Amino acid sequence: MSSEATVRLGLADELPLLEKRQSLKSRLRARWYKTDRLGRAIFSLVILTLCAAVVSRVLIEVFSPFDGWPAVTIPSEDDEDNDTARSDEERRQAVKAAMKHAWGGYRKYAFGKDELQPVSNKSNDKWGGWGVSLIDALDTLHIMEMHEEFKEGVTHVANIDFSKARANYTTPFFEMVIRSLGGLLSAYEMSLDPRLLKKAQQVGDVLMPAFNTSTGIPYPRVDINSGKAVPADRVCIAEAGTVQLEYWKLSELTGNSVYHDTAQRVVDVLDKARKPHKGLYPIWVDIDSGKLVSGQITFGGRGDSWYEYMIKQYIYSRHSKDQYRRMYEESVDGMKAMMIGQSIYDSELYYVGDLDSTATKFSPRFEHLTCFVPGMLALGSKALGRPDDLELAKKLSYTCFQMYNRTDTGLSPEYVQFRVDEDTGISPLQEEIDFTTVKLKAPTDKEKKDGYYLGSNRGYILRPETLESLMVMYRVTGDKIYKEWGWQIFRAIEKWTKTPSAYSAYRDVTSTKGSKELTDSMESFFLAETLKYLYLLFSPVDYYSLDEYVFNTEAHPFKILSRSHS
Ligand code: DMJ
């Protein structure tokens with residue numbers, strides 16, 4: 001009420017009101033004293049509680065204002081439950097997002113260069129400067145339906161001149177065949193863009209001088225500017241014998257059989273060469289004589305894809321080239337008889353070790369590169385009906401997965417070592433062989449737990465072999481465990497190797513120092529193989545079906561030879 005209104009009210013007007021108030025007060029006071037003590041106590045308690053509730057609500061509002069329902073907690077990167085992609089399609093899209101990320105970085109900082117350096121965002125041209133990452137990645141872009149990116153890549157490739165090399169650069173024959181010739185042929189088959197076939201033929205042609213030797217066994221490097229190979233005494237079997245599929249496809253697509261026939265001659269020479277054990281080839285070949293001269297026998301580096309191409313060419317030929325079936329079976333039988341080891345601490349871990357050049361000394365070392373073997377055995381068991389090989393493939397894929405699973409980062413090192421026996425050096429599976437006994441320190445508890453120990457090279461360079469095998473194993477067996485293993489590996493790659501622009505090799509898989517371990521290197525096979533195999537692992541099995549395609553050793557899918565050519 002305003003003071004003006006109070007002034008205007010006269011005393012006579014206020015008297016009845018005052019009387020009313022006083023009589024209400026006295027009536028309440030009378031009732032209060034009439035009420036018994038218990039009633040008064042209850043009433044006081046209720047009033048006090050209400051006051052306390054009001055005060056505390058006011059305090060909460062002042063010091064912690066309510067702003068909606070509690071937010072959903074987003075788990076940290078370390079949280080195991082941060083695994084939200086559960087369905088195949090979600091996982092497939094996550095892999096595609098990884099490709100978009102890596103390609104985006106390459107495109108922004110290194111387009112047309114050989115490699116992006118994913119930490120410094122610099123680039124390099126260590127493979128001759130024709131843009132090997134771009135060429136190697138083309139068919140992955142197509143497979144992942146990144147069509148705009150594919151188109152842009154093809155437009156760039158159409159203007160590359162492969163007939164001219166940088167001054168003083170000599171080209172590694174095998175690498176250029178599997179990455180560039182393979183990549184161009186496969187991108188051509190997907191798109192039927194004639195510019196790609198033209199470029200593939202140009203690459204195939206400029207490398208042909210490698211075969212100009214007395215035996216037809218190729219030299220390892222070519223000087224493209226002079227049109228001549230670089231003379232050398234020897235070449236390894238993987239380099240000499242992993243170019244046949246690409247030259248065969250080039251013959252099929254161009255109608256010129258010279259490519260196939262020239263590359264096939266290499267296989268014929270090696271097939272006839274004397275070996276220390278049927279089907280097993282020491283890695284070094286003397287180019288002038290065609291003899292297998294020295295080096296270990298291995299399904300790892302320098303030997304690996306020579307064996308891989310035996311079965312792949314048999315499949316590519318629609319099972320018509322029996323020479324490849326025979327060679328493959330001889331080699332796998334030799335490997336099974338002489339090269340399989342079993343961890344003495346964890347009997348579930350089987351591996352493929354190496355032999356010396358005389359096939360008498362066993363070296364219990366298992367390379368990441370050798371992890372293509374389970375996939376090869378699975379393909380062979382499917383094509384040739386060899387069920388025992390599939391059982392071995394299951395065991396070996398388990399070990400390859402454990403090479404990731406048992407490190408602190410979940411990434412695999414370049415190789416692991418096994419101990420054959422604490423006292424005698426004899427492996428349980430290899431008793432007929434005269435073993436090298438290496439003096440080792442006493443096993444640590446960790447070694448006993450893991451079943452293997454690590455050597456000096458503990459790097460993970462984004463290699464694909466285990467994921468390649470997991471993809472094939474899933475498609476051949478239908479066992480979903482291979483998808484789970486692949487997903488776990490993908491998550492480790494995402495967690496430890498991702499940079500703001502792409503993905504980088506990691507120096508020491510036992511270190512959780514994170515970005516300090518990144519080596520600023522992303523090889524083209526990460527885009528060509530690692531991400532592609534992951535994507536196909538979560539794709540329907542008829543997408544780039546193993547019944548219609550063989551993948552070259554750089555994961556470029558080739559359509560199996562048409563019936564008219566087989
Ligand atoms: C790839 O270039 C090919 O798979 C090759 O056969 C050997 N390994 C690398 C990737 O690790």
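Val 206 sits in helix α8, residues 194–207; helices (H or I, at least four residues) and strands (E, at least two) are DSSP runs, numbered from the N terminus. Val 206 is buried at a relative accessible area of 14%, where buried means under 20% relative accessible area, exposed over 50% and partly exposed in between (1.4 Å probe, protein chains only). Apart from neighbours within four places in sequence, Val 206 is in contact with Phe 162, Ser 163, Val 222 and Ile 224, contact meaning heavy atoms within 4.5 Å. Asn 225, 19 residues from Val 206 in sequence, is 9.0 Å from Val 206 in space, C-alpha to C-alpha.

The model is predicted: local features need pLDDT of at least 70, side-chain atom pairs count only at pLDDT 80 or more, and totals for chains, interfaces and linings use all residues. Residues are numbered from 1 along each chain as its sequence is written, and side-chain values use heavy atoms, with hydrogens and water left out.

The protein chain has 566 residues, of which 54% count as buried. Its secondary structure comes to 19 helices and 17 strands. Among contacts with a separation of 6 or more, 70% join residues 24 or more positions apart.

Helix α8 is one of the elements that the buried residues of α6 pack against, together with α5 (132–143) and α7. In α6, which spans residues 147–157, the buried residues are Phe 150, Gly 153, Val 154 and Val 157. They lie on the same side of α6 because they cover an arc of only 100 degrees around the axis, the arc being that of the directions from the helix axis to the C-beta atoms. Glu 148 and Lys 151, on the other side of α6, are exposed.

Val 132 belongs to helix α5 and counts as buried, at 6% relative accessibility. Leaving out residues up to four places away in sequence, Val 132 touches Lys 113, Asp 114, Trp 127, Arg 179, Ser 180 and Ser 524. Val 132 and Met 176 are 44 residues apart in sequence, with 8.4 Å between their C-alpha atoms.

Val 132 and Met 176 are also among the residues that line the second largest cavity, together with Asp 114, Trp 127, Trp 130, Gly 131, Tyr 169, Thr 171, Pro 172, Glu 175, Arg 179 and Ser 180. On a 1 Å grid over the protein atoms alone, a cavity is a set of points where a 1.4 Å probe fits but cannot get out, and lining residues have an atom within 4 Å of a point. Two or more lining residues of the second largest cavity come from each of β3 (171–172) and α7 (173–191). Helix α7 gives the largest share, 4 residues. By type, this lining divides into 6 nonpolar, 3 polar and 3 charged residues; Ala, Val, Leu, Ile, Met, Phe, Trp, Tyr, Cys and Pro count as nonpolar, Asp, Glu, Lys and Arg as charged, and the others, Gly among them, as polar. The second largest cavity holds about 70 Å³ of space. Grid points are joined across faces, edges and corners, and a volume is the space filled by probe spheres set on the points.

The whole structure has 3 cavities of 30 Å³ or more. About 110 Å³ lies in the largest cavity. Its lining includes at least two residues from each of α12 (304–316), α14 (373–384), α17 (465–477) and β16 (549–551). The lining residues of the largest cavity comprise 8 nonpolar, 1 polar and 3 charged, with Glu 308, Lys 312 and Glu 468 among them.

The loop between β13 (365–367) and α14 holds His 368. His 368 is buried, with a relative accessible area of 1%. Beyond residues up to four places away in sequence, His 368 touches Met 403, Tyr 404, Ser 412, Pro 413, Glu 414, Tyr 415, Tyr 460, Arg 463, Pro 464, Glu 465 and Thr 466.

Two loop residues remain to be described. Most residues other than glycine have a negative phi. Asn 121 has a positive phi, near 60 degrees, and lies in the loop between β1 (115–117) and β2 (122–124). Asn 121 is partly exposed, at a relative accessible area of 23%. Ala 359 has a positive phi near 60 degrees and is placed in the loop between β11 (354–355) and β12 (362–363). Ala 359 is buried, with a relative accessible area of 6%.

Terms used. 1 Å grid on protein atoms, 1.4 Å probe; cavity = no way out; pocket = protein on both sides within 12 Å on 5 of 7 lines; lining within 4 Å.
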